[in-house]
Amino acid sequence: MVNSTGATDTSHGTVRIRDGEAASPAMESVFANFRQYLMGWGAADRPDLGVDLFRSGLAAPQFNGVVRVRQAAGTDVAAVRRELTGVPWWWWVGPDSPEDTADVLRHNGGRQLTVMPVMVRPLGDPVAGHDRPDDARTRSGLRVEPVRDGGRLRELVRTYRTSMGIGPGPEAGMVRAESQRGDNADIVRLAAVLDGRVVGTTVLITAHSVAGIFLVHVAAELRRQGVATALTSAALRVGRERGMHFAALVASPAGEPLYRRFGFTAAYRYRLFDFPD
């Protein structure tokens, strides 16, 4: 797990997370939020294999996989692999799965791809210097606006698809999956718009008292120009307006320094596995 050497005090209690400890109630809500987001890509009509499994059918591993092992006795890895045959997928291993899950996956042919920190910060009143870092610079004319449907939703998907390195083939299916999610009442999609076009994205899911921040992506030619800063600041504002107690995200190595400037601290980590053919 990612070690957290400090604590974050909030009006809703104190998050004090240490590597190897059981999740606090606040962190249990964070993981429930994360599971809801991933399961929203396609969790219906799946056999109960003792895991939380989602399968959108999209040709990208971000949208298919396993996010939790629910039973202490583990699961039938071979059966899970059969259920996900035909699509690229990942297996997410966090502290809401049994402690030996990573070892079990390795024993069954899994390969650890990376480790990503789960980062958390309190909401409530704005934190001086953290809701918008003092050194933030934003491109003139940039605005952040909500996206609901239609052409703007297609632009939002195209922007994050391109940034993620996903080809154009799955785009129509991604737009359809976004628009048909069963939990869309909990979701706010934000686009950074410059000169009339979408140049950055984030998707916020407000559930379990947590504002979960996903899909923060910026067009390559506009990176390091304050777009991700503007999107993150807007996401925190929306989470606060919706009455959430915490904001949380899973950070990439490139994004972690930005989120630390916003007051996020690493609490736990996810290990990401795949199964090479």
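Q: Is Leu258 buried or exposed?
A: Leu258 is buried, as its relative accessible area is 11%. Buried means under 20% relative accessible area, exposed over 50%, and partly exposed in between, with a 1.4 Å probe and protein chains only.

Q: Before we go on, what kind of model is this?
A: This is a predicted model, in which local features need pLDDT of at least 70 and side-chain atom pairs count only at pLDDT 80 or more, while totals for chains, interfaces and linings use all residues. Residues are numbered from 1 along each chain as its sequence is written, and side-chain values use heavy atoms, with hydrogens and water left out.

Q: Thanks. Where does Leu258 lie?
A: Leu258 lies in helix 7, residues 256-261. Helices (H or I, at least four residues) and strands (E, at least two) are DSSP runs numbered from the N terminus.

Q: And what does Leu258 touch?
A: Leaving out residues up to four places away in sequence, Leu258 touches Ala228, Thr229 and Thr232. Contact here means heavy atoms within 4.5 Å. Leu258 and Thr232 are 26 residues apart in sequence, and their C-alpha atoms are 9.2 Å apart in space.

Q: Zooming out, how many helices and strands are in the protein chain?
A: The protein chain has seven helices and 12 strands. Of its 277 residues, 53% count as buried. Among contacts between residues at least 6 apart in sequence, 70% join residues at least 24 apart.

Q: Which residues touch the most other members in the largest nonpolar core?
A: Those are Met27, Tyr37, Leu38, Trp41, Phe63, Trp92 and Tyr160, out of 44 residues in that core. Helix 1 (residues 25-39) gives the most to this core, with seven residues. A nonpolar core is a set of buried Ala, Val, Leu, Ile, Met, Phe, Trp, Tyr and Cys residues joined through side-chain atoms within 4.5 Å.

Q: What about a second core?
A: A second, separate core has 29 residues, including Ala211, Leu249, Ala251 and Phe262.

Q: Back to Leu38: where does it lie, and what does it touch?
A: Leu38 lies in helix 1 and is buried, with a relative accessible area of 4%. Not counting residues up to four places away in sequence, Leu38 touches Phe54, Gln62, Val67 and Trp92. Leu38 and Ser56 are 18 residues apart in sequence and 9.8 Å apart in space, C-alpha to C-alpha.

Q: And what is Phe63 in contact with?
A: Setting aside neighbours within four places in sequence, Phe63 is in contact with Trp41, Phe54, Arg55, Ser56, Leu58, Tyr160, Met164, Ile166 and Met174.

Q: New topic: at roughly what angle do the axes of helix 4 and helix 5 cross?
A: The axes of helix 4 (residues 150-163) and helix 5 (residues 171-179) cross at roughly 120° and come within 10 Å. Axes are lines fitted to C-alpha atoms, for helices over the stretch in contact, and angles run from 0 to 180 degrees between N-to-C directions.

Q: Which residues make the contact?
A: On helix 4, the contact is made by Leu153, Arg154, Val157, Arg158, Tyr160 and Arg161, and on helix 5 by Glu171, Met174, Val175, Glu178 and Ser179.

Q: Which residues are buried in helix 5?
A: In helix 5, Glu171, Gly173, Met174, Val175, Ala177 and Glu178 are buried. The buried residues of helix 5 pack against helix 4, strand 8, strand 9 and strand 10.

Q: Now Phe273. Where does it lie?
A: Phe273 lies in strand 12, residues 265-274. Phe273 counts as buried, at 0% relative accessibility. The C-alpha atoms of Phe273 and Thr114 are separated by 7.6 Å, while the two residues are 159 residues apart along the chain.

Q: What does Phe273 touch?
A: Not counting residues up to four places away in sequence, Phe273 touches several residues, among them Trp89, Trp90, Trp91, Val93 and Leu105.

Q: Last one: what about the phi of Asp195?
A: Asp195 has a positive phi of about 55° although it is not a glycine. Asp195 is in the loop between strand 8 (187-194) and strand 9 (197-207), and Asp195 is exposed, with a relative accessible area of 73%.

Q: And the phi of Ser209?
A: Ser209 also has a positive phi, about 65°, although it is not a glycine. Ser209 is in the loop between strand 9 and strand 10 (210-218) and counts as partly exposed, at 34% relative accessibility.
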